[in-house]
Amino acid sequence: MPLPSLFAALRDARPRPILGGVMVLLALGAAIAAPASAVTIGFAPGTQGVALGDAAQVDLVFSDLGGEIISAYDLDLTYDPTVLAATGVTFSTALGDELFFESFNAVDLSSPGVVDLAQLSLLSDADLAALQPGDSVAVATLYFDAIGAGTAEFGFVFDEFNDVKGLGGGVLPIVEEPGSITVGSPTEAPIPEPSAALLFVAGAALVHRRVRWRCW
Amino acid sequence: MRLSTRFRLTLATLPLAVTLSLFPLGAGAGTIDVVLVKGDSLPDGPGTLYYLKGPALGDSGQLLINALLDTNSFGIQDVAIYRGGVGTPLVSVARTGQVIDGEQLLSTSVSGSAINALDQVAFSAKPDARGSGNGLYLFDDAIGARRLAGPGTPMPDSAGGSILGFLGIGLLNDAGQVVRSANAGAGNALLSVDGATGELETIARTGQPTPDGPGTFANVGLSFSLNDAGQVAFSYNVTEGGVFTDVLTLRADPTASGFDLIEVARSGQPAPGSSGAFVSSGGAVINANGNVLFTAGLDVATTGTPGSVNDSGMYLYDDATGLHEVLSFSGTSGLFRSWQPPRLNAGGQIAFQGTLRGAASSADEAVVLFEEGAARILAREGDLAPGGDGYFWGFGTNSPIALNDAGHVAFRGDLLGVSGSESVLVRAIYRYSEAAGLVEVVRAGDPLLGSTIAGVDFLGNADLNSVGLNASGQIGFSFALEDGRVGAAIWTEGDGGSDPTVAITSPEAGAVLGIDEILVEGIASDDGAVAGVAVNGVAAVLASTGNPDDPAEVTFSAPVALAAGENTLEAVATDDEGNTATRTLVIEYVPAPEPLLCDANGDGAVDRFDVSAIFAARGSNATGPDDPRDANGDGLITVNDGRLCVLQCTNPRCAPTSP
């Protein structure tokens, strides 16, 4: 279905009687390919240990993409604010380079224990597919200060405002992969094992541009 | 409450390309107002019209209808007299069973009605308590119906006796005077009745000596003519010793002490303009000036058998010049070989139906208007009729022709060859005027009241002042429809094709509008009055402009709903004659575009500014179902909407559409 028609169908679907709505949904079903399987969201490294007072960073990685892409997302990442304090986020260019008007990126760290980050690509699905050729993609690096001893487990809040978009603007089913940072004393800080995910995104981390605070 | 059916039909006739008439046929237009039709409820009781006679049309435009009803009283059908006009309610004048002056009217006796310019009606009726004779009654709006005289009323002259009953048809002039023949016992009498006082006077009576010669009046004829001054023209047989000797044509002039009788013509009297003498006379009519017109049979010894009628003439008497010939069969002015009783108006014009001389048979009939010494043929057998569909075949018997003081001539015509048929006669009514020429009033085949007219008829007797043509040229007629209904209607002349003017002043032609309903405004006028304006079928509100130079000028306004795209606005103005004028113009309605989905800044495009706005608003609720930021319509502004809108961007990578 051509996109203008699709949008018209979307708009028209709202007030229409049930039969019309069903027809629109059927049309949407034909236009939007459902992912073959859920996309996994995780971290690289998945776990790590840092000493109290040190800084830590972790990459946010989507994997198990299959033929899917990540075209936009809005996530609330949660952590233990007594252990960590988020200090910043840098976005990869997997959804386009914001400096080239290829994406909008946003971060909100104002709520302790929550990293609210969002990215919206202005690129086409085809362009994104070219930028995301593999089965996983690191989309951002999150920075923390270790402020308290303990282990901060990462989690996500998926609700009506927070989700991940794929091909054709479709919402992707998500499987969360655990992640955490353990803060110990300087002498007790565990040495993390490099994860496979980290190896995948090492290159991507090199192209982080900047941290942008949500300011609009 | 108006009980009559009102129906307006605009008729128009076209100028003829080919005609044998001696004057140009004109174009005309008029409206038809149905006053009463079978099926209408009646103002005086149950039932409806079954059949009707007449009708006669008064000078004020009131139609007088003698009606046979579909109800029964006394074992037979009821009869009634009704009066009604254009825009006025139908009024009951009299009806079977009605009680007038204490007497109940029997059925079948209400007849012989006449109407004057004051809308008074004279009629006869048979009360059940007074034998078999008819009484004479007068109806007016102020008093209603009252009995003037009737069986048992003493005769007003020295011969004495009493009235046994009134005869024939009465005449009523604008002064309220009624003239009617009555059975006075030993012979008849011509009586005059003052409608206001009921006072009777004898004009002439059997046995009365003739005024200027030997003999006495024999039986009183039933044919006479009355003008508004109270003068009466009539013809009377004279008898001497029980033998009819002469025929007199007389004029009776009212005086303070009765009527003075003036002999206009008498058998044996030399006929002016001829070598012969009068043998007979009849068909006397009188105009407003007291002039008397009559036809006479002549004995012209040199051309035929002495003592017999071998020529005929038409003669006019006036006080200034006396008696003189108008036309004769054999004279130099003779164009005719026969004629029916003529009509005479105040201007001296004469109209009649005649058969033209030189025709091989008697079947070359014509309707003639004679004025200023010349006869003009208005319609002639074989002529193509106005409207072009059919040829005149004849003009009826019993003289269905009328002439008024304005010079209008109305007559009934029978047509042949209508729509290619050579075997079907179609009846029609025509009217001639100097201004409009000959125009068709109505004909069988015309649509009326959702049906088709099967036949029409028109009252035009020479010696009646109650005819189907009134002083202003309106025509009253009866009609029968193909669906079985009968009725009576009034035809009113149009303004001769002068259509109203109409113009649309707002909106302008070609205007491109962004609203789906507009008020169409304009201005209209007419040489008469603008009856209404409809804009795309919507009746407009009219208001006078107060223009002293054009009192009929009005503004109009009407709301009109528009459809997307081009719209044709049509204003149709109708004048009081039923003429119409139409003006149209085309405008375009371009609906305001619906808010473009994702066009958050409303600039008509979707670009990164819009996506940025959506992205910035993520996490909030949409403002409503039309919030362009809510692309998926879930009521929330999320990155889902942002991404959907990215895919909707006008340019690649959502590049701005303008700097």
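1. Strand β34 of chain B, residues 437–443, is mostly covered, with seven of its seven residues buried. Please keep in mind throughout that this is a predicted model.

2. The partner of that strand is worth a look on your screen. Strand β33 of chain B (residues 426–433) runs antiparallel to β34(B), and six bridges join the two. A hairpin of three residues leads from β33(B) to β34(B). Within this pair, Ile429(B) stands opposite Val442(B) in β34(B).

3. What does Ile429(B) touch, leaving aside residues up to four places away in sequence? Its contacts are Ala410(B), Arg412(B), Val441(B), Val442(B), Val456(B), Phe458(B), Ile475(B) and Phe477(B). Ile429(B) also stands out in the largest nonpolar core, which has 142 residues: together with Ala94(B) and Val409(B), Ile429(B) touches the most other members. As background, nonpolar side chains tend to be buried together in soluble globular proteins.

4. Chain A has 216 residues, of which 39% are buried, and its secondary structure comes to four helices and 13 strands. Chain B has 659 residues, of which 49% count as buried, and it has two helices and 49 strands.

5. The contacts along each chain can be set side by side. Counting contacts between residues at least 6 apart in sequence, 81% of those in chain A join residues at least 24 apart. For chain B, counted between residues at least 6 apart, 51% join residues at least 24 apart.

6. One is an open sheet of four strands, in the order β13-β14-β15-β16, with antiparallel pairing. Its edges are β13 (165–172) and β16 (200–205) of chain B; each has a single partner strand, so one side of each is left without a neighbour in the sheet. From one strand to the next, the twist averages 25°. Looking inside this sheet, β15 of chain B (residues 188–194) pairs with β16(B) in the antiparallel sense over five bridges. Leu191(B) has Thr202(B) in β16(B) as its bridge partner.

7. The other is an open sheet that four strands of chain B form in the order β39-β41-β45-β44, again with antiparallel pairing. Here the edge strands are β39 (501–506) and β44 (541–544) of chain B, each pairing on one side only. The twist from one strand to the next averages 25°. β44(B) pairs with β45 of chain B (residues 554–561) in the antiparallel sense over four bridges. Leu542(B) stands opposite Phe556(B) in β45(B). When you inspect either sheet, recall that in a regular strand the side chains alternate between the two faces of the sheet.

8. How do the helices α1(B) and α2(B) lie relative to each other? Their axes come within 8 Å and cross at roughly 170°. Angles over 145 degrees count as roughly antiparallel, and α1(B) and α2(B) are therefore roughly antiparallel to each other. From α1(B), Asp610(B), Val611(B), Ile614(B) and Phe615(B) meet Val639(B), Asp641(B), Gly642(B), Cys645(B) and Val646(B) of α2(B). By class, this contact has six nonpolar, one polar and two charged residues.

9. Is α2(B) enclosed or open? Eight of the eight residues of α2(B) are buried, so this helix is largely enclosed by the rest of the structure.

How values were computed. Residues are numbered from 1 along each chain as its sequence is written. Chains are lettered from A and ligands numbered from 1 in the order in which they are written. This is a predicted model: local features need pLDDT of at least 70, side-chain atom pairs count only at pLDDT 80 or more; totals for chains, interfaces and linings use all residues. A nonpolar core is a set of buried Ala, Val, Leu, Ile, Met, Phe, Trp, Tyr and Cys residues joined through C-beta atoms within 7 Å. A residue is buried if 20 or more other C-beta atoms lie within 10 Å of its own, exposed if 12 or fewer, and partly exposed in between; C-beta atoms are placed from the backbone. Two residues are in contact if their C-beta atoms, placed from the backbone, lie within 7 Å. Two strands pair if DSSP finds at least two bridges between them. Axes are lines fitted to C-alpha atoms, for helices over the stretch in contact, and angles run from 0 to 180 degrees between N-to-C directions. Angles under 35 degrees count as roughly parallel, over 145 as roughly antiparallel, 65 to 115 as roughly perpendicular and the rest as oblique. Ala, Val, Leu, Ile, Met, Phe, Trp, Tyr, Cys and Pro count as nonpolar, Asp, Glu, Lys and Arg as charged, and the others, Gly among them, as polar.
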